[in-house]
Amino acid sequence: MKNIKLTNREAKILSIIKSHGTPITSTELHQITKIDKRTIMEIVARLRFKGVPIVSKRFGTNSGYSIAKDENERMKCVAMLSNQATTMMKNINGLANADLKNWDKHIKVM
């Protein structure tokens, strides 16, 4: 594996995630760094793209970001992200195919 070059913000977020010990939420990362939560999510995405095995859990106990401890944990996060991508593609297709002139004529409340 080649060296991974990080920006200062990426290095800061990664350092906090690595040292936290338990999953850390974007809210907690914001409180520590004063970086807004949307930017934190973008930084995590860039770190993943660069090959850093950051996993996340969105709901329940131990929600937040952490470093994958094993293959099972990594694959659970991969499955979650794949499901999100599928949903996003459905949204993109719905928007791309929306009838801009007549969409409201087809709305039926059930």
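This is a predicted model: local features need pLDDT of at least 70, side-chain atom pairs count only at pLDDT 80 or more; totals for chains, interfaces and linings use all residues.
Colleague: Is Thr 33 buried or exposed?
Modeller: Thr 33 belongs to helix α2, residues 26–33. The cut-off for burial is under 20% relative accessible area. Thr 33 has 9% relative accessibility, so the residue counts as buried.

Colleague: Which backbone oxygen lies 2.7 Å from a polar atom of the side chain of Thr 33?
Modeller: Leaving aside residues up to four places away in sequence, Thr 33 touches Lys 12, Ile 13, Ile 16 and Ile 40. The 2.7 Å pair involves the side chain of Thr 33 and the backbone oxygen of Leu 29.

Colleague: Which elements give two or more residues to the largest nonpolar core?
Modeller: That core has 14 residues, and Ile 13, Ile 17, Leu 29 and Ile 54 touch the most other members. The elements giving two or more residues to this core are α1 (8–20) and α3 (37–49).

Colleague: How far apart are the end C-alpha atoms of helix α4, and what span should its 26 residues have?
Modeller: At the start of α4, a side-chain oxygen of Asp 70 comes within 3.2 Å of the backbone nitrogen of Asn 72. Helix α4 covers residues 71–96, and at 1.5 Å a residue it should span 38 Å.

Colleague: Which residue in the hairpin of β1 and β2 takes a positive phi?
Modeller: Strands β1 (residues 54–57) and β2 (residues 64–67) pair in the antiparallel sense over four bridges. Ser 56 stands opposite Tyr 65 in β2. Six residues lie between the strands, and the positive phi, near 80 degrees, is that of Gly 60.

How values were computed
Residues are numbered from 1 along each chain as its sequence is written. Side-chain values use heavy atoms; hydrogens and water are left out. Buried means under 20% relative accessible area, exposed over 50%, partly exposed in between (1.4 Å probe, protein chains only). A polar contact is a pair of N or O atoms within 3.5 Å; within protein, one must be able to donate a hydrogen and the other to accept it, and residues adjacent in sequence count only if both atoms are side-chain atoms. Contact means heavy atoms within 4.5 Å. The expected span of a helix is 1.5 Å times one less than its number of residues. A nonpolar core is a set of buried Ala, Val, Leu, Ile, Met, Phe, Trp, Tyr and Cys residues joined through side-chain atoms within 4.5 Å. Two strands pair if DSSP finds at least two bridges between them.
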